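Thanks for coming. I will go through one structure today, a piece at a time, and give each term its cut-off when it comes up.

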Amino acid sequence: MSVPANRFRPRPNYTTITGLSSIMRMPRLGKIRLGIKVKNAKGVEYPKDLDYFVCPPEVQAIYGEKPKELDVLIPSTDPALYFPQALKWYKGARLVCKGNGETATRIDTATGNMFEMPCPCEHLKDPQTNPKGECTPRANLMVILPKVSMGGAYQVDSGSNNNIINLNSTIAWIQSMLGRVAWVPLTLKRVPTKIQTPDGTTTKALLQLEFKGNMQDAAALRQADWISIQ
């Protein structure tokens with residue numbers, strides 16, 4: 001009696017799905033907002049920027065109703081997870097186009113199909129040439145609030161160029177000083193800052209990350225990294 005050649009071959013051990021299992025999402029506990037929605041005299045709703053963080057109840061229980069500083073940790077070494085940034089165009093609550101300034105993925109709202117196209121396009125908002133543009137920079141900072149919970153991250157959204165530049169610059173500075181930014185005790189702050197606008201100068205409460213440690217604290221963090229790789 002002949003035995004099939006593959007009878008005793010080990011069966012494949014399928015434990016991951018290509019194109020799916022590698023996709024990671026950070027567990028999100030809630031959102032921390034930079035403003036609120038209000039209505040004008042005509043009843044039209046618009047966003048109003050504030051100089052403090054608008055926090056969920058569990059955060060207010062620790063930091064008060066209108067905190068201007070929060071103790072935070074960045075929970076990843078991957079910027080795509082903790083601070084993704086893109087040009088985005090929304091129609092209502094629906095994201096119809098997302099790009100990086102060179103290429104974009106857009107949804108054909110008539111068919112639901114997605115396609116790639118050059119970026120930016122005529123929808124990009126510009127204070128000088130296209131102030132009513134519907135496409136704007138958007139960034140999502142994901143941070144752990146260790147005094148509140150270690151069970152996930154809180155999301156802080158911003159569409160401000162100044163906030164994005166401030167955070168990118170500070171993150172790069174901390175990385176150059178400490179060798180990393182993940183799991184470093186930091187403070188996220190709202191800092192009143194004068195900025196230039198097409199109509200003149202105004203003051204905005206911009207986002208700022210700060211490492212409040214001294215030279216010994218920085219040396220200890222760098223030493224801890226050195227020990228961990230030995």
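Strands S9 and S10 pair in the antiparallel sense over six bridges. Two strands count as paired if DSSP finds at least two bridges between them. Helices (H or I, at least four residues) and strands (E, at least two) are DSSP runs, numbered from the N terminus. With three residues between them, S9 and S10 form a hairpin.

Before going further, the sources. This is a predicted model, where local features need pLDDT of at least 70 and side-chain atom pairs count only at pLDDT 80 or more, while totals for chains, interfaces and linings use all residues. Residues are numbered from 1 along each chain as its sequence is written, and side-chain values use heavy atoms, with hydrogens and water left out.

Now the whole sheet. Strands of a sheet pair through backbone hydrogen bonds, either parallel or antiparallel. Here seven strands make an open sheet with mixed pairing, in the order S1-S10-S9-S5-S6-S7-S8. Strand S1 (28-31) and strand S8 (114-118) stand at the edges with a single partner strand each, so one side of each has no neighbour in the sheet. From one strand to the next, the twist averages 35°.

The bridge partner of Arg28 in S10 is Ala153. Ile107 has Met114 as its bridge partner in S8.

Helix H3 (residues 161-178) packs on the sheet and touches strand S5 (85-91), strand S9 (135-145) and strand S10 (149-158). Contact means heavy atoms within 4.5 Å. The direction of H3 makes about 45° with that of S9; for such angles, axes are lines fitted to C-alpha atoms, for helices over the stretch in contact, and angles run from 0 to 180 degrees between N-to-C directions.

How much of S10 is covered? Seven of its 10 residues are buried. Buried means under 20% relative accessible area, exposed means over 50%, and partly exposed is in between, with a 1.4 Å probe and protein chains only.

Asn140 belongs to strand S9 and stands opposite Asp157 in S10. Is Asn140 buried or exposed? Its relative accessible area is 15%, so Asn140 is buried. The side chains of Asn140 and Asp157 are joined by a polar contact of 2.7 Å. A polar contact is a pair of N or O atoms within 3.5 Å; within protein, one must be able to donate a hydrogen and the other to accept it, and residues adjacent in sequence count only if both atoms are side-chain atoms. Leaving aside neighbours within four places in sequence, the contacts of Asn140 include Tyr82, Phe83, Pro84 and Lys88.

On a 1 Å grid over the protein atoms alone, a cavity is a set of points where a 1.4 Å probe fits but cannot get out, and a pocket is an open set with protein on both sides within 12 Å along at least five of seven lines; lining residues have an atom within 4 Å of a point. Grid points are joined across faces, edges and corners, and a volume is the space filled by probe spheres set on the points.

The count is two cavities of 30 Å³ or more. The largest cavity has a volume of about 80 Å³. Of its 13 lining residues, the closest to the centre are Cys97, Ala104, Cys119, Cys121 and Cys135. Which strand gives the largest share of that lining? S6 does, with three residues.

The largest pocket holds about 1900 Å³ of space. It is lined by 47 residues, and the closest to its centre are Pro47, Arg138, Ser158, Gly159 and Ser160. S9, S10 and H3 are among the elements that each supply at least two residues of this lining.

Last, some loops. Gly101 sits in the loop between S6 and S7, and at 30% relative accessibility it counts as partly exposed. Not counting residues up to four places away in sequence, Gly101 touches Leu87, Cys119 and Pro120. Pro120 lies in the loop between S8 and S9, and the peptide bond from Cys119 to Pro120 is cis, with omega near 5°.
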